Amino acid sequence: MKYLLITNTVFCFLLAAIMVFVPQVVVNSPNPAAATAALAKAFGFAVVCVGFLSMFMGRLLENKQALLMGLFVLSVFHVGLALTHLANALQGVVPNVLPFAHALFSVAFIRFVLKEIKQ
């Protein structure tokens, strides 16, 4: 299990770095609209996973270690999307409400992370 988790972590971080810093590698397609739709669908499944994490964390409120890890992951997720959506909103690619919404979630989750660390 340990090696599977390590392999999955490396794979996810590598793919995320490529998608964030060199997206043309993933979107390099003769049909850019289809590639964009494919990436949106893939990202949609990632968001579903974050939704499940959030849902299951409701059952882990008594497990402080699991709660802190989940809150940290949600914080990183929303900070990353707030920054990404801000850059995209400035280019007119996404609605202006997206960076604002993610920034609010970021602040809320970071607040709870800091609160859990202090306890």
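This note goes through the predicted model point by point, from the overall fold to single residues.

1. Basis of the model. This is a predicted model in which local features need pLDDT of at least 70 and side-chain atom pairs count only at pLDDT 80 or more, while totals for chains, interfaces and linings use all residues. Residues are numbered from 1 along each chain as its sequence is written, and side-chain values use heavy atoms, with hydrogens and water left out.

2. Overall fold. The secondary structure comes to 5 helices and 0 strands, where helices (H or I, at least four residues) and strands (E, at least two) are DSSP runs numbered from the N terminus. Read along the sequence, the pattern is accordingly written α-α-α-α-α. The C-alpha trace spans about 50 × 40 × 20 Å along its principal axes. Of the 119 residues of the protein, 18% count as buried, a term that stands for under 20% relative accessible area, with exposed over 50% and partly exposed in between (1.4 Å probe, protein chains only). Among contacts (heavy atoms within 4.5 Å) with a separation of 6 or more, 46% join residues 24 or more positions apart.

3. The largest nonpolar core. A nonpolar core is a set of buried Ala, Val, Leu, Ile, Met, Phe, Trp, Tyr and Cys residues joined through side-chain atoms within 4.5 Å. The largest one here has 9 residues in all, namely Val50, Met57, Leu67, Leu71, Leu74, Phe77, Leu81, Phe109 and Val113. At least two residues of this core come from each of helix H3 (32-57), helix H4 (64-90) and helix H5 (97-118), and H4 gives the most, with 5 residues. Leu67, a member of the core, touches Met57, Leu60, Leu61 and Glu116 when residues up to four places away in sequence are not counted.

4. Packing of H3 against H4. The axes of these two helices come within 10 Å and cross at roughly 145°; axes are lines fitted to C-alpha atoms, for helices over the stretch in contact, and angles run from 0 to 180 degrees between N-to-C directions. H3 passes H4 in a left-handed crossing, a label used if the near helix is turned anticlockwise from the far one by less than a right angle, with right-handed kept for clockwise. On the H3 side the contact is made by Phe43, Val47, Val50, Leu53, Ser54 and Met57, and on the H4 side by Leu67, Gly70, Leu71, Val73, Leu74, Phe77 and Leu81. These residues divide into 11 nonpolar, 2 polar and no charged, with Ala, Val, Leu, Ile, Met, Phe, Trp, Tyr, Cys and Pro counted as nonpolar, Asp, Glu, Lys and Arg as charged, and the others, Gly among them, as polar.

5. Aromatic pairs. The structure holds 2 aromatic pairs; rings of Phe, Tyr and Trp (its six-membered ring) pair if their centres lie within 6.5 Å, and planes under 30 degrees apart count as stacked, over 60 as edge-to-face and the rest as tilted. The pair of Phe52 and Phe56 is stacked because the ring centres are 5.9 Å apart and the planes stand at 20°. Both residues lie in helix H3, 4 residues apart, and are thus separated by about one helical turn. Phe52 is partly exposed, with a relative accessible area of 42%, and Phe56 is partly exposed at 44%. Phe105 and Phe109 form a stacked pair, with 6.3 Å centre to centre and 20° between the planes, and they lie 4 residues apart in helix H5, about one turn of the helix. Here Phe105 is partly exposed at 45% relative accessibility, whereas Phe109 counts as buried at 16%.

6. His85. This residue is found in helix H4 and is buried, with a relative accessible area of 11%. Leaving aside neighbours within four places in sequence, His85 is in contact with Val94, Leu98, Pro99 and His102.

7. Leu39, found in helix H3, is partly exposed, with a relative accessible area of 22%. Apart from neighbours within four places in sequence, Leu39 is in contact with Met19, Val26 and Val27, while Lys2, 37 residues away in sequence, lies 29 Å from Leu39, C-alpha to C-alpha. Thr36 also lies in helix H3 and is partly exposed at 47% relative accessible area. The C-alpha atoms of Thr36 and Val47, 11 residues apart along the chain, are separated by 16 Å.
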